[in-house]
Amino acid sequence: MATVTQILQERLQNALQAVGIKSDEPLQLAPTMDPRHGDYQTNAAMVMGKKVKENPRTLASRIVANLSTKGIGPPPEVAGPGFINFRISPEFLAHRVHELALDKRLGVEPVAAPKTIVIDFSSPNIAKPMHVGHIRSTNLGDALARVARFLGHQVITDNHLGDWGTQFGKVIYGWKRLLNRATLDSDPMEELVRIYREADAAAEKDPEILGECRRELVKLQEGDIENRRIWQRCVDLSKAEFSKNYDLLGVRFDFQLGESFYNAELPGVVQELQDRGLAEASEGAIVVWDHELSDDPFIVRKSDGGFGYATTDVATIEYRYRQWHADAVWYVVGAPQNLHFQQLFSLTRRLGYDLDLQHIAFGSILGEDRKLMRTRSGESVPLRALLEEAVGRATAIVAEKNPELSERERSAIGRIVGIGAIKYADLSQHRMTDYVFSWDKMLSLQGNTAPYLQNAYVRSRSIFRKLDAAFVAPSSVELGEEPELALTKKILQFPDVVPAILDGFKPNILANYLYELAAQFHGFYESCPVLSAEPVKRETRLLLCDVFARLLQTGLDLLGIQVPDKM
RNA sequence: GCGUCCGUAGCUCAACUGGAUAGAGCGUCGGCCUCCGGAGCCGAAGGUUGUGGGUUCGAGCCCCGCCGGACGCACCA
């Protein structure tokens, strides 16, 4: 089913044609900000008026004279400098919301041309615990994957683990000399971090130990059996630990191909770059220059003969292109890596790949002191502890607000609310802004938070528990009162909002929409009794409640957030 | 120094990609419970969108210059 804006767009295009105007681009037509300007508006007459040098208001009048809104609402009006304002009739609203209610996809059409999109996100490093810095990448990547899939794209999620690098020299050194087996069994991650830190500190003081670490690294890279085995153990232990976080967050990956997966390809990549004249020797290293971007080189082979992540990233793109036939690759990685990706993308273009590459950057998470979030001792905050604290805090709030819940219900709800709060605090914000992490704000039951939305869902669902039989959508819908109309108008925007998320990779526009939707619902809920209304009104209102709940559930699910039945 | 990003109510954030009188929440003040979950709703106060120019019918958004901040700039990822 077409969306309301699509229907109006079509009418507008017909009218433009009738007055002899061609537009190469689709003209803006969107819901109004202010109800006094109607329900939808377009600036087509002002945009086109400039092009054809006609007074915008007279052009607007000509367009309106040729614009049929039959079946949709009253004739549109010209206002201000040349806006064309549309109003939607209650009958049309009723018809549309009824249609939407009967649609499993809630009015969201799959895209006409599905693409194969690889989404690269989360990417923690082996032998280091995940920390707050991984939250945004993980949440954003997962949400974008869900949205793209819902829209019908072929999505491949890939966790590009940092499982290869110079830190393994120290880890292996520490494993051989400092390892405590008992701690490794009880808390493997902590033990891996400890041996790394101690080896690192020792290497700092003693050049001989540093040399020893380097030799361990070289042995690993050369395929030494024992070092290889230790490395594999570290990878396995770390992945098991990461999985606990991902399970708690409800995040899944199609693949977890770490950097090591591409090791064998690296010499060939550099050779290819040299053969094609893209890479050259510089200060002992092999580098690619792009002076338009930066005076710093893209180093594809280090002067010691080793390879860094630049080379791995090129190999990864080639793999994704050849093996998965990717049309697009989205990297959900923090803003500081901007230059790296510009260089990588530029090189990829020069290599001739027909790929849509996107660096989906995001800002940092700050502590209440407005500085990068750290623990009191100055460490980065472990993700696991953070998630568990969220669940704990949410469980306590739920227990206080609703003491009748069983312990089992309480902990299940606490998890949904706590994890939802963390995710929503992140995703409801514009991704580029640094945001201040605040337990009180994200767990607040007021304002634009997950608990507020989850509660709105719970309220809407609680009505249905009072029904004798399962709810069945009525055969007709009749809208009358203002709150019903306002809620319906907001509901009908959903099919336009979801595709818009991918325009700028901004899940926050969905979050904002859901919040406005919930606010409209509460207004409706306050002033329009449902169960005690006369039969026709009652059926209509039940349908609105049902659609609202499904929209909220679907919308939050696209953000990777669950809803409880009670809370 | 060069580059990227950011600067909006006291605080935390929006603003549908250039549209009409810049919106929410918290906090402050004032209203609303014989009624489906008040974890709610309605209202008031609060702004020269860091700053000075420019582009045009129209700028928080685009261009240029300042001020202030975060981050990145050769072999870590």
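Q: At what angle do helix α8 and helix α10 pack, and how far apart are their axes?
A: Axes are lines fitted to C-alpha atoms, for helices over the stretch in contact, and angles run from 0 to 180 degrees between N-to-C directions. In this predicted model, where local features need pLDDT of at least 70, side-chain atom pairs count only at pLDDT 80 or more and totals for chains, interfaces and linings use all residues, residues are numbered from 1 along each chain as its sequence is written. Chains are lettered from A and ligands numbered from 1 in the order in which they are written, and side-chain values use heavy atoms, with hydrogens and water left out. Helix α8 (residues 188-205) and helix α10 (residues 225-249) pack at about 130°, their axes being 9 Å apart; helices are DSSP runs of H or I with at least four residues, and strands are runs of E with at least two, numbered from the N terminus.

Q: Which residues make the contact?
A: Contact means heavy atoms within 4.5 Å. From α8 come Pro 188, Met 189 and Leu 192, and from α10 come Cys 234, Leu 237, Ser 238, Glu 241 and Phe 242.

Q: What is the strand order of the open sheet?
A: Two strands pair if DSSP finds at least two bridges between them. Here four strands follow the order β6-β5-β10-β11 with parallel pairing; β6 (154-158) and β11 (356-360) stand at the edges with a single partner strand each, so one side of each lacks a neighbour in the sheet. The twist averages 15° from one strand to the next.

Q: Over how many bridges do β5 and β10 pair?
A: Strand β5 (residues 116-120) and strand β10 (residues 328-332) pair over four bridges.
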